[in-house]
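Thanks for coming, everyone. Let me put the structure up, and then we'll walk through it together.

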Protein chains: 2
Amino acid sequence: MLEDLNRNLTPLEKLGEFGLIEEIKQQVNVHHSTTVKGIGDDCAVIGSGAEKWVLTSDVLIEGIHFDLSYVPLKHLGYKSVIVNISDVCAMNVVPTHLILNIAISSRFPLEAVQEFYSGVHLACEKYNIELIGGDTSTSEKGFFISGTAMGIGNTNEIVYRSGAGDKDLICVTGDLGAAYAGLQLLEREKRVFIENPNIQPDLSGNDYILERQLKPEARLDMIRKLKSVGITPTSMIDVSDGLASEVLHLCKSSEKGCVIYMHKIPVDIATSVFLEEMKIFPTIGALNGGEDYELLFTVNQRDFEKLQELGDVRIIGYMTDKSMGCKIETEDGRSSDLESSGWNAFAHH
Amino acid sequence: MLEDLNRNLTPLEKLGEFGLIEEIKQQVNVHHSTTVKGIGDDCAVIGSGAEKWVLTSDVLIEGIHFDLSYVPLKHLGYKSVIVNISDVCAMNVVPTHLILNIAISSRFPLEAVQEFYSGVHLACEKYNIELIGGDTSTSEKGFFISGTAMGIGNTNEIVYRSGAGDKDLICVTGDLGAAYAGLQLLEREKRVFIENPNIQPDLSGNDYILERQLKPEARLDMIRKLKSVGITPTSMIDVSDGLASEVLHLCKSSEKGCVIYMHKIPVDIATSVFLEEMKIFPTIGALNGGEDYELLFTVNQRDFEKLQELGDVRIIGYMTDKSMGCKIETEDGRSSDLESSGWNAFAHH
């Protein structure tokens, strides 16, 4: 059906990843009673009893999600675990198991694969994740990684994107934009190196942003803390595609509007210094950069005091009625529409 | 760690896929009480109650597992579902859910992705599988598919590779080698076409082997029949890498030997005719070809009569004590060691 070149074909980037997922979802005709949540959240949720299995699957592709000219294989293995378990955390569930598929070109020796898996095992031990399977194959070109992570959650503890209420507080853990800054640094030094291979990369003083890019962590600690202070968020998502995109996901799924205070968005000083050096406004880096793997969640205002016990969480705005739209406000009170120019998997190539 | 070119690096094909999986398995240090079976069977098995979740994950890589110059995208979508649910069937469990990740180069228009998913949805409807999620991404080059299929099984019904007993009958569903024959045909016609693009492919009279290659089916029907006649196999595996390789897996996991009768191996007449034309001995095609997606299983001899009720199943040999080794016998009584020269994912490139 691709031979008819007279047909008006649609480039994939026009639809984008979320448009494509929406279209795939429309075509799903089989629905089992054991499915609590199918396509459309950080994880699928399946099971019939009080305990549900929560599952997610993510790919990392060489040349799209990582560049082996500056990403060490051990770090890549570590990150392959993190990106998957972060989505389980975003359901307020402790991840327990991982299936990891790889396809790797035969230009890699066994020692490279061992190095990759040393990072996988390191992350698994740190987060108490059991690797229970995976397919291993060769590829013609490039390194492909596909992980599936899962955990068990009680029905009343699992948090979706869709539960946020009007006036709920919007919270985010840690700080944002650092992984994006780290990526800009690595890309800059790669360009310098390509132009002049005798110049050594200058990465000094940028340990924090490099580590956030090369060795991200999942906020499993926050899932445990939320439980210990007695907060069940009303909605939650992990910040992998930039804050703006994730806030819009929560608003869309919850059928709400929001106000985000630009000056409340947490950006580390090292991130700010570097991004300003690169002529990027730090908050824009936080809004549109990706790979933070922090948690964005909403809580009912009655949990305000408990929030103070959490530590490492900032309130950055609140949910509103859907009719109010999704807004971002500067410190001097100017308001504009919150827009996502985050990651489009099909435009980035 | 790859810069030290003086080190003696090991090519991946030396270890092979099963060697690599064995090595990865050795490094797993986290073990959860909810894990019934981790690495080392067709599926992982997790859960704490009487009902367990059975999960498997498989990749299909362009240029390795499929060639888009002769595989229609709709068939590829269909096959992506089948290869995954076949592994769930191999645990004696009815598959119910699927997560499907794809990474696709932007050379494909939206219409190509829609065509692929039309095959996915067709297989899902036929086998009553709910598509509950998946990551979609672009790739620099090539089409990469990773599926994760799952189902719920009762603890006492789940069948592993490891349960075969001495003197158990070795059975196989359907017939073998047809998908391999279909692949040989497609590859032959591709070579002809490359040499002379004016010659149209000659695929006439080979519908059966083409369909077995391009549109494989999972033997979910046999899982239902086994249950209806009251047989729980003592061990089971699906035939994806060639019969010899799968028999050796059952023997290894069950710590048994075996005798396979070469003349009992079921090969369809269309397969035989084509393979002989290609100067390939049909039984060798069945032993070492792949992608049959039939079920290979063992049953206790007391189930012999029930086996007759199943239909479409052949007894091809029996299990022996481990000390007897794994043997294959010809009709005139000559015996030799059963050896696998099946699919090595790392040698095939």
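I'll start with a single residue, B:Asp312. With 14 C-beta neighbours inside 10 Å, B:Asp312 counts as partly exposed. You'll find B:Asp312 in the loop between α10 (304-310) and β12 (313-320) of chain B. Its phi is near 55°, a positive value in a residue other than glycine. Why point that out? Most residues other than glycine have a negative phi.

Before going on, a word of caution. This is a predicted model. How confident is the predictor in chain A? The mean pLDDT of chain A is 92. Of its residues, 96% reach 70 or more. The model scores ipTM 0.92 and pTM 0.93. Over residues 1-6 of chain A, pLDDT stays under 50. For those residues the model has two contacts beyond four places in sequence. Where pLDDT is low, the predicted coordinates should not be read in detail.

Now the overall build of chain A. Its secondary structure comes to 10 helices and 14 strands. Along the principal axes, the C-alpha trace of chain A spans about 55 × 55 × 50 Å. What about the radius of gyration? A compact globule with 349 residues would have a value near 20 Å, and chain A agrees with that at 21 Å. Buried residues make up 53% of the 349 residues in chain A. Look at the contacts too. Take those in chain A between residues at least 6 apart in sequence: 83% of them join residues at least 24 apart.

Next, the domains. Chain A is divided into domain 1 (34-154) and domain 2 (169-337). How far apart are the C-alpha centres of these two domains? They lie 22 Å apart. The contact takes 16 residues from domain 1 of chain A and 19 residues from domain 2 of chain A. On the domain 1 side, the largest share comes from helix α2 (residues 73-89) of chain A, with eight residues. By class, that side of domain 1 of chain A has nine nonpolar, four polar and three charged residues.

On to the two chains. How many residues of chain A are in contact with chain B? The count is 74 residues of chain A, in contact with 74 residues of chain B. Several elements of chain A each supply at least two residues to this side, among them α1 (12-26), β3 (51-61), β4 (95-105) and β7 (144-154). The largest share, nine residues, comes from α3(A). By class, the side of chain A that touches chain B has 35 nonpolar, 29 polar and 10 charged residues.

How do the two copies relate? A rotation of 180° with 0.0 Å of shift along its axis superposes chain A on chain B, at RMSD 0.0 Å. The two copies are therefore related as by a two-fold rotation axis. Which residue of chain A comes closest to that axis? A:Ser146 does, with its C-alpha at 3.3 Å. And 100% of the interface residues of chain A are also interface residues in chain B, so the copies meet through the same surface.

Let me finish with a few local stops.

First stop, A:Asn128. Its place is in the loop between α3 and β5 of chain A. Phi of A:Asn128 is near 60°, a positive value in a residue other than glycine. With 13 other C-beta atoms within 10 Å, A:Asn128 is partly exposed.

Next, A:Pro266. Look in the loop between β10 (257-261) and α8 (269-277) of chain A. Buried or exposed? A:Pro266 has 19 other C-beta atoms within 10 Å, so the label is partly exposed; buried would take 20 or more. Leaving aside neighbours within four places in sequence, A:Pro266 is in contact with A:Val172, A:Gly174, A:Asp175, A:Leu176 and A:Arg314. A:Pro266 and A:Ile316 are 50 residues apart in sequence, and 8.4 Å apart in space, C-alpha to C-alpha.

Then A:Gly230, in the loop between α6 (220-229) and β9 (235-239) of chain A. A:Gly230 counts as exposed, with 9 C-beta neighbours inside 10 Å. From A:Gly230 to A:Asp303 is 73 residues in sequence and 8.7 Å in space, C-alpha to C-alpha.

Last stop, helix α8 (residues 269-277) of chain B. Which residues are buried there? B:Thr271, B:Ser272, B:Phe274 and B:Leu275 are. What covers them includes α4 (178-195), α5 (207-214) and α9 (282-288) of chain B. Just after α8(B), B:Lys279 takes a positive phi of about 60°.

How values were computed
Residues are numbered from 1 along each chain as its sequence is written. Chains are lettered from A and ligands numbered from 1 in the order in which they are written. This is a predicted model: local features need pLDDT of at least 70, side-chain atom pairs count only at pLDDT 80 or more; totals for chains, interfaces and linings use all residues. Two residues are in contact if their C-beta atoms, placed from the backbone, lie within 7 Å. Helices (H or I, at least four residues) and strands (E, at least two) are DSSP runs, numbered from the N terminus. Ala, Val, Leu, Ile, Met, Phe, Trp, Tyr, Cys and Pro count as nonpolar, Asp, Glu, Lys and Arg as charged, and the others, Gly among them, as polar. Domain bounds come from an automatic or database domain assignment. Copies are superposed by least squares on the C-alpha atoms of residues with pLDDT of at least 70 in both. A residue is buried if 20 or more other C-beta atoms lie within 10 Å of its own, exposed if 12 or fewer, and partly exposed in between; C-beta atoms are placed from the backbone. pLDDT is the predictor's confidence in each residue, from 0 to 100. The radius of gyration is taken over C-alpha atoms; the globule rule is 2.2 Å times the number of residues to the power 0.38.
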